[in-house]
Amino acid sequence: MDTTFRNWPASMPPLPAPLAAAFLARTSGGPKKERTSSQLLHAAVRVFVERGIEAATMHEVAQAAGVSTATLYNHFATKNDILVALLE
């Protein structure tokens, strides 16, 4: 990852600069629902990098985010929905 990229959370795995910029833009601040979505997306990136997208489960993403699986499903119905949100 480009080390000049600012504001990248230390807990997150490195990503290419354009993807990191899009991710940070999508996951910054906002009301509670948006903050929870951001928390879930951060957790999903960590789990997807560690386990791979196919091997990762929604339960693992919820656990990594510190929320219930039901909360995750309230925000994203599938892993594909999470990926779409990351790329928007």
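In this predicted model, helix 2 meets helix 3 through Gln39, Leu40, Ala43, Ala44, Arg46, Val47, Phe48 and Arg51 on the side of helix 2, and through Glu60, Val61, Ala64 and Ala65 on the side of helix 3. By class, this contact comprises eight nonpolar, one polar and three charged residues. Helix 2 also makes a contact with helix 5, to which Leu41, Ala44, Val45 and Phe48 of helix 2 contribute, and helix 2 and helix 5 both supply residues to the lining of the largest pocket.

**Helix 2 and helix 3**
- The axes of helix 2 and helix 3, the latter spanning residues 58–65, come within 8 Å and cross at roughly 120 degrees.
- Because angles of 65 to 115 degrees count as roughly perpendicular and those over 145 as roughly antiparallel, the two helices are classed as oblique to each other.
- The crossing in which helix 2 passes helix 3 is right-handed.

**Helix 2 and helix 5**
- The axes of helix 2 and helix 5 come within 11 Å of each other, with a crossing angle of roughly 110 degrees.
- Helix 2 is therefore roughly perpendicular to helix 5.
- On the side of helix 5, the contact is made by Lys79, Ile82, Leu83, Ala85 and Leu86.
- The residues in this contact of helix 2 with helix 5 divide into eight nonpolar, no polar and one charged.

**The largest pocket**
- The largest pocket holds about 180 Å³ of space, and its lining consists of Leu15, Leu19, Phe23, Val45, Phe48, Val49, Ile53, Leu83, Leu86 and Leu87.
- At least two lining residues come from each of helix 1 (17–26), helix 2 (32–51) and helix 5 (79–87).
- By class, the lining has ten nonpolar, no polar and no charged residues.
- Phe48 belongs to the pocket lining, and Phe48 also takes part in the contact of helix 2 with helix 3 and in that with helix 5.

Technical notes:
Residues numbered from 1 in each chain as written. Predicted model: local features only at pLDDT ≥ 70, side-chain atom pairs only at ≥ 80, totals over all residues. Heavy atoms only, no water. 1 Å grid on protein atoms, 1.4 Å probe; cavity = no way out; pocket = protein on both sides within 12 Å on 5 of 7 lines; lining within 4 Å. Points joined across faces, edges and corners; volume = space filled by probe spheres on them. Helix = DSSP H or I, 4+ residues; strand = E, 2+ residues; numbered from the N terminus. Nonpolar A, V, L, I, M, F, W, Y, C, P; charged D, E, K, R; others polar. Axes fitted to C-alpha atoms, helices over the stretch in contact; angles between N-to-C directions. Parallel < 35°, antiparallel > 145°, perpendicular 65-115°, else oblique. Left-handed = near helix turned anticlockwise from the far one by under 90°. Contact = heavy atoms within 4.5 Å.
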